[in-house]
Structure formats: structure tokens, C-alpha cells
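Me: Can you walk me through how this model is put together? I'd like to go piece by piece.

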Amino acid sequence: MPQIDRTPSPVDSRPHVVIVGAGFGGLACAEALGGTNIRVTIIDRNNYHLFVPLLYQVATAALSPADIAEPIRRIVSRHPNIDVVMGEVTGIDRTAKRVELADGSFVPYDRLVLATGSSYSYFGHDDWAEIAPGLKTIENARRIRARLLMNFEQAEMCEDPARQKALMTTIVVGGGPTGVEMAGAVAELARFTLARDFRRIDPRTARVLLVEAGPRILSTFPDDLGQYARRKLEELGVVVLTGQAVESITPEGATVGGRFIPAGAIVWGAGVKASPAGSWLGVETDHSGRIPVGADMAVPGVPDVYALGDTAALAGDDGKPLPGLAQVAKQQGEHLGGGLEASLLRGQPLEPFRFRNRGNTAIVGRSAAVFDFGTRKLKGWFAWVLWAIVHVYLLVNFHKRVLVTMQWLWRWATYQRGARLITTDRPVSAAESVTSPHGGSAEPFRGMKRGQG
């Protein structure tokens with residue numbers, strides 16, 4: 001069967017830039033090319049842009065998926081030169097300059113930008129992913145939310161105190177910003193939101209364990225901010241285990257530092273790996289799968305191909321690879337988009353990219369956050385307010401900004417959360433929830449439909 005050219009019409013003599021991935025970097029690059037005399041095609045396997053830094057709030061019932069996602073077509077609709085193709089990229093034909101899709105079709109390019117992001121690395125234990133999902137997709141956030149809430153429902157019906165304790169135990173793996181934010185949010189969900197909802201159990205006795213193999217949490221932050229974050233988590237009741245690696249994960253719990261800990265839910269946030277974009281190009285990548293690029297984000301040895309964000313390994317002014325942060329990807333996308341316009345329309349060479357650090361931040365809990373600007377550090381209530389302002393600003397739609405702000409204010413004032421729904425293929429009976437051979441922590445979720453909730 002002949003391959004089908006999926007290039008959106010009309011096709012004309014204008015240069016064609018194809019961007020794979022509609023995350024922060026890809027979208028910023030497309031927006032920078034919007035309104036120019038360049039045809040732009042965005043390819044993504046989803047039809048929406050997802051604000052990944054707030055996925056943990058979907059997983060802990062603070063926000064709904066629609067609050068942090070926006071259709072790609074709606075975002076770029078004001079730019080008639082930008083089109084969107086929803087498809088799964090499986091390879092790149094460097095000779096023919098084509099992006100190949102899973103359905104057998106292709107999209108040709110004049111210039112190609114790879115902004116395909118990253119996924120979690122399980123360090124050779126990919127079988128753990130089903131039991132300990134990470135926070136990279138809406139589907140996983142919904143699964144985590146349903147699992148957390150179902151565990152409390154099952155504990156309410158359980159007669160065995162030991163099993164009740166296991167169901168009300170959550171293990172968060174990874175002491176980076178995602179793990180810290182997730183652990184704090186789960187603790188607040190149990191101690192504040194669910195505290196009055198149950199009759200036979202006390203959700204305030206739920207255990208949340210944050211496991212970090214390194215010597216301290218928030219290792220990319222100054223030591224005093226990491227210590228502050230640990231102290232605030234412990235005030236919420238989170239047990240912080242540092243210097244202890246996860247050795248095994250089963251549906252019943254995890255082995256940490258030689259000790260098995262029964263748990264109803266395990267959330268993974270320890271390490272990331274880049275998308276397979278490097279293998280599509282047939283180029284050598286670093287240990288995380290990132291593609292080494294030049295200062296102009298061009299892939300050496302591969303003409304007219306660029307990589308940015310989590311897909312690219314680019315050193316900063318200190319010689320270290322730039323971190324996988326939204327602000328890095330966004331700045332790279334804006335820079336590359338402007339450079340491609342100047343190159344394609346005016347023949348100017350691409351300028352080297354230089355990252356401008358606007359600070360690194362993590363929220364610890366209610367009215368507590370840390371913010372590192374490099375030369376200045378903040379913690380506590382003011383850092384929490386600044387964290388909220390930054391994250392609201394990064395949302396792509398004004399309506400979303402207003403909606404999320406109002407929900408945060410309501411949640412702060414009332415300690416309540418809105419999206420506390422459990423949706424599965426079928427209801428789980430009391431008998432099933434109490435007699436499940438896997439302690440009720442994983443079995444009810446194996447039949448859950450993707451996209452429910």
C-alpha cells in the first residue's frame with residue numbers, strides 16, 4: 001500500500017517547518033513562527049497541550065484534567081499558517097526528509113524540530129510502571145487519583161487492622177520537586193479533605209512515605225531549602241526516607257532499604273528518560289536518551305533537524321546540561337522559532353541559545369514553598385504565592401488561569417477538593433474490596449478504561 005502524505009493543504013512554495021511535540025518547547029516554537037510566511041505543522045499523538053507541572057493536583061483531586069489541558073488547535077487557531085496533525089511518530093527518514101507516522105503515512109519537512117519530551121525511567125524495571133505509575137499523562141494521574149480514593153473506601157469496609165493500615169499507606173518514590181509536591185498533596189488530602197468523610201476510619205492516620213535514594217530531597221536546590229522542605233513535609237506527617245533505594249515493587253507494596261513496606265498506592269517520580277527521538281535519527285544519545293545539540297539547537301551531522309527541551313542535551317553557561325524544566329523548553333522554543341524565521345526568510349544564521357534562569361521552585365504544602373533564584377532564595381508563604389503566580393501565568397489560556405486561581409483560593413479557604421470521583425469499568429463490591437488477593441491496592445484498577453474519570 002503506498003504511503004500517504006499527511007501534509008495539511010494547501011501546499012505551496014513557502015518553507016515548511018514540522019514540529020514534533022506540543023509541549024512547552026514545541027508550542028513556544030510554533031507560536032514564534034505564527035503569522036509568518038512559513039508553513040508550520042505540529043505533530044502530536046494527543047490533540048491537547050498538557051500542563052505537566054500541575055498533574056499531581058489532578059492525581060490528588062485538587063484539579064480536573066480539563067483545568068490543565070487545552071486543545072492544540074484552539075491554541076494556534078489565530079495563526080492561519082499553523083496546522084496540526086494528530087498522529088504517533090515512529091521514525092524519521094533523514095534522506096527523504098520525512099516524519100513517518102504509525103498509520104503508514106508521512107509528513108515531509110524542510111526543517112524539523114523535535115520537542116518530544118520525556119517519560120519516567122524505572123532503571124531497568126519497566127514492569128514496575130503498571131504498579132507505580134508516574135505523573136506524565138492524564139491517564140496516569142486519573143489512575144493514581146482513583147487508586148488513592150479507592151484505598152480509603154476499601155479501608156472503610158475492611159475488618160483487618162493490618163490490611164487497613166496497608167491500604168492507607170502511600171509510597172512516593174523520588175525526592176525531586178514532583179515527589180515532594182505529590183507527597184505533600186497526598187498528606188493534605190488525607191488529613192484535611194477526607195478527615196470528616198469516613199465513619200470507621202480516621203484518614204488523618206494515613207501514612208505517606210517519601211523515598212529518596214540520595215542523601216537529601218530537592219538535591220538541585222540549596223541545602224537550606226531542602227531542609228526546610230523536609231521539615232514542612234514532616235509537619236504534615238510525611239515520613240521522609242533518604243539514602244534508601246527502592247529494591248522491589250509488587251502490588252502489595254515495596255521493599256525499601258531491605259524492609260518490605262505494605263502499601264495501597266505507589267507513585268513514581270524518580271528519574272526521567274528522553275523520548276526515542278534519538279533512535280529515530282540514528283544518532284548517539286547521552287545516558288538519559290537525550291540528543292546532544294549545538295548552541296543553536298541543531299543536531300550535529302543531521303541537516304535541518306533541531307532538538308529542544310527534554311529531548312536535547314545542551315550545556316548551560318556552567319558547562320552542565322540544562323535541566324528539564326518548563327522554562328528551559330519554553331525559552332528554547334521561542335529562541336529557535338525566531339531563529340528559524342530569520343534563517344528561512346532572510347538567510348540569517350541561527351544565533352546561539354543562552355538560558356536565562358528565572359528561578360526554580362517547588363511547593364511543599366499549604367502556604368509553604370521554596371524558590372531558588374540562584375543569587376536569592378525564598379521559602380514559606382511568599383514563595384508559595386510566587387509559585388502560584390508563576391504556574392498560573394504559564395497556563396496557556398486566560399480562562400484556565402482564572403478558573404485555576406478561583407479553585408485554589410476556594411481550596412485554601414475551605415480545605416476542600418473538587419474532583420474526588422472514582423470511575424472504573426464496573427463497581428467494586430465490598431466483598432471484592434476486602435478479599436482481593438492483592439490487598440485491594442491494584443486489582444480493581446486493572447480494568448480501568450484509559451481516559452475515564
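Me: How many bridges join strand β7 to β8?
Reply: Strand β7 (residues 98-101) and β8 are joined by 3 bridges and run antiparallel. Strands here are DSSP runs of E with at least two residues, helices are runs of H or I with at least four, and both are numbered from the N terminus. Two strands pair if DSSP finds at least two bridges between them.

Me: What stands opposite Arg-98?
Reply: Pro-108 in β8.

Me: What's the strand order of that sheet?
Reply: The order is β6-β7-β8, an open sheet of 3 strands with antiparallel pairing. β6 (89-93) and β8 (106-108) are the edge strands with a single partner each, so one side of each has no neighbour in the sheet.

Me: Before going on, what kind of model is this?
Reply: It is a predicted model, where local features need pLDDT of at least 70 and side-chain atom pairs count only at pLDDT 80 or more, while totals for chains, interfaces and linings use all residues. Residues are numbered from 1 along each chain as its sequence is written, and side-chain values use heavy atoms, with hydrogens and water left out.

Me: OK, the 4-strand sheet. Which order does that one have?
Reply: That open sheet runs β13-β12-β11-β17, with parallel pairing. β13 (238-242) and β17 (265-268) stand at the edges. Strand β11 (residues 169-173) pairs with β17 over 4 bridges, and Val-172 has Val-267 in β17 as its bridge partner.

Me: Which helix lies across β11, β12, β13 and β17?
Reply: Helix α6 (residues 177-193), running at about 170° to β12 (207-212). Angles run from 0 to 180 degrees between N-to-C directions, and axes are lines fitted to C-alpha atoms, for helices over the stretch in contact. Helix α7 (residues 223-235) also packs on the sheet, touching β12 and β13. Contact means heavy atoms within 4.5 Å.

Me: Switching to α1 and α9. What is their packing angle?
Reply: About 30°, with the axes of α1 (residues 24-33) and α9 (residues 326-346) 7 Å apart. That makes α1 roughly parallel to α9, a label for angles under 35 degrees.

Me: And which residues of α1 meet α9?
Reply: Phe-24, Gly-25, Ala-28, Cys-29, Ala-32 and Leu-33. Their partners in α9 include Ala-326, Gly-333 and Leu-340.

Note on methods: Angles under 35 degrees count as roughly parallel, over 145 as roughly antiparallel, 65 to 115 as roughly perpendicular and the rest as oblique.
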